[in-house]
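Subject: Structure handover and notes

Dear colleague,

Please find below the structure I promised to pass on, followed by notes on what turned up when I went through it.

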Amino acid sequence: MGNAMRGVITFIPSERIQQFLVGELKEMPLDRTLDLSSRQLRRLPASTCVFEELMKVYLSSNKLSSLPPELKRLRNLQLLALDCNCFEDFPEAVCRLPQLSILYLGNNMLYSLPSEIRNLKELNTLWLETNCFTIFPKVICELPNLKTLHLGYNQIESLPEELKRLHGLKSIWLAGNQLTEFPPVLLEMHCLAVIDVDRNKIRYFPGLSHMEGLKLIIYDHNPCVNAPAVNEGVKRVGRWADCPDPEIEEDTPKVTSENSAEVTEEGQHSEEQQDS
C-alpha cells in the first residue's frame, strides 16, 4: 500500500482500519520480533498483543499517543521502541512489562515520568532524548539496573544528588540541555565510562582524573574556559581536546562573549541507536 493511501486512511477512527494498517498477524514471528514501524498508526490494535512470547516490538515513527492495556500481556518483552511518536504522557501499560530491558521513547512530547516506572527492575537502557523535560525525573534514580541513560535535547538545568544511587550507570548523554555547570553528582559516579554534555552552557570544567572508569568525555560547544583534566587514555571531544596540558586556562585568554556565542550555536547531534 502506498504511503499516500496510508496517510489518508490513518485518519479514519476505526479499529478495523488500524488493524488493516498493521496487517494480518496469524502466528508468532519466528524471531519473536514484531516490527510495525512507519505504519502511520494512531492506535495499536489490542489483537497485536496476543503473542505473549514476543521479545522485541518496534513501533517507531508512527502517530501513537497511547497504548492499549492489553500490552501487559507481553510479559517476556525485552525491547520496546516507541521513538518518533506523539506521546505526551508516558504510556502506563509499559510499566507492567517485568522483563523490559531496553526502552526507546525519544522524539516525543514527554515532560514527566510516572512513579510506576520504578517497577521496571530489569531496565538497563532508557532513551528519552528530544522530549520536553525541564526537570530531571528523579524516579529514574530508582531503576537499579540502569546502565545507559539518554536525556539529550531537553531543557534540563541540573541533576539530582539521588542519581548517584545508580551504581551501575555506565553512560549518560545530556547534550543539548541547559546545564550551566558540570553536574557535581557526576563527580561521585566513578563507574561512568561515557559522559556527554555537548551543547550546554558550562563555563568551567572540574578535574575528572579521579574518575578511574571514564573512557570518553564529550564537552564540545560549551562556552568553557578550560578543558577537563582526565587520565591518560581518556578520549576528550571538545575545545583544547588535543592539548597535552589540561590546565590550559592558565595560558589561554578567557573566552570572549563573541567566542561564547560561536561555540554554543545550535546544531544537530546524532548518534546511532543500538542495543546495549
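With which residue does glutamate 162 form a salt bridge, and how far apart are the closest N and O atoms? The partner is lysine 138, and the closest N and O atoms are 3.6 Å apart; a salt bridge here is a side-chain nitrogen of Lys or Arg within 4 Å of a carboxyl oxygen of Asp or Glu. This pair links distant parts of the chain, since glutamate 162 sits in the loop between strand E6 (148-150) and strand E7 (171-173), while lysine 138 sits in the loop between strand E5 (125-127) and E6, 24 residues apart. Helices (H or I, at least four residues) and strands (E, at least two) are DSSP runs, numbered from the N terminus.

Before going further, please bear in mind that this is a predicted model, in which local features need pLDDT of at least 70 and side-chain atom pairs count only at pLDDT 80 or more, while totals for chains, interfaces and linings use all residues. Residues are numbered from 1 along each chain as its sequence is written, and side-chain values use heavy atoms, with hydrogens and water left out.

On accessibility, buried means under 20% relative accessible area, exposed over 50%, and partly exposed in between (1.4 Å probe, protein chains only). Glutamate 162 counts as partly exposed because its relative accessibility is 25%, and lysine 138 is placed in that class by its value of 48%.

The structure holds six salt bridges. Another of them joins the side chains of lysine 164 and glutamate 188 (3.3 Å, N to O), and this pair also links distant parts of the chain, with lysine 164 in the loop between E6 and E7 and glutamate 188 in the loop between E7 and strand E8 (194-196), 24 residues apart. Lysine 164 is partly exposed at 36% relative accessible area, as is glutamate 188 at 43%. Salt bridges that share partners join Glu161, Lys164 and Glu188 into one network. Aspartate 198 and arginine 199 also form a salt bridge, with their closest N and O atoms 3.9 Å apart, and both of these residues are buried.

Leaving aside neighbours within four places in sequence, isoleucine 140 is in contact (heavy atoms within 4.5 Å) with Leu113, Leu126, Leu128, Leu146, Leu149, Leu151 and Leu166. In soluble globular proteins, nonpolar side chains tend to be buried together.

Finally, two backbone angles deserve a look. Arginine 32, in the loop between helix H2 (15-22) and strand E1 (33-35), has a phi near 55°, a positive value in a residue other than glycine. Glutamine 40, in the loop between E1 and strand E2 (56-58), likewise has a positive phi, near 65°. Most residues other than glycine have a negative phi. Arginine 32 is partly exposed, with a relative accessible area of 35%, and glutamine 40 is partly exposed at 26%.
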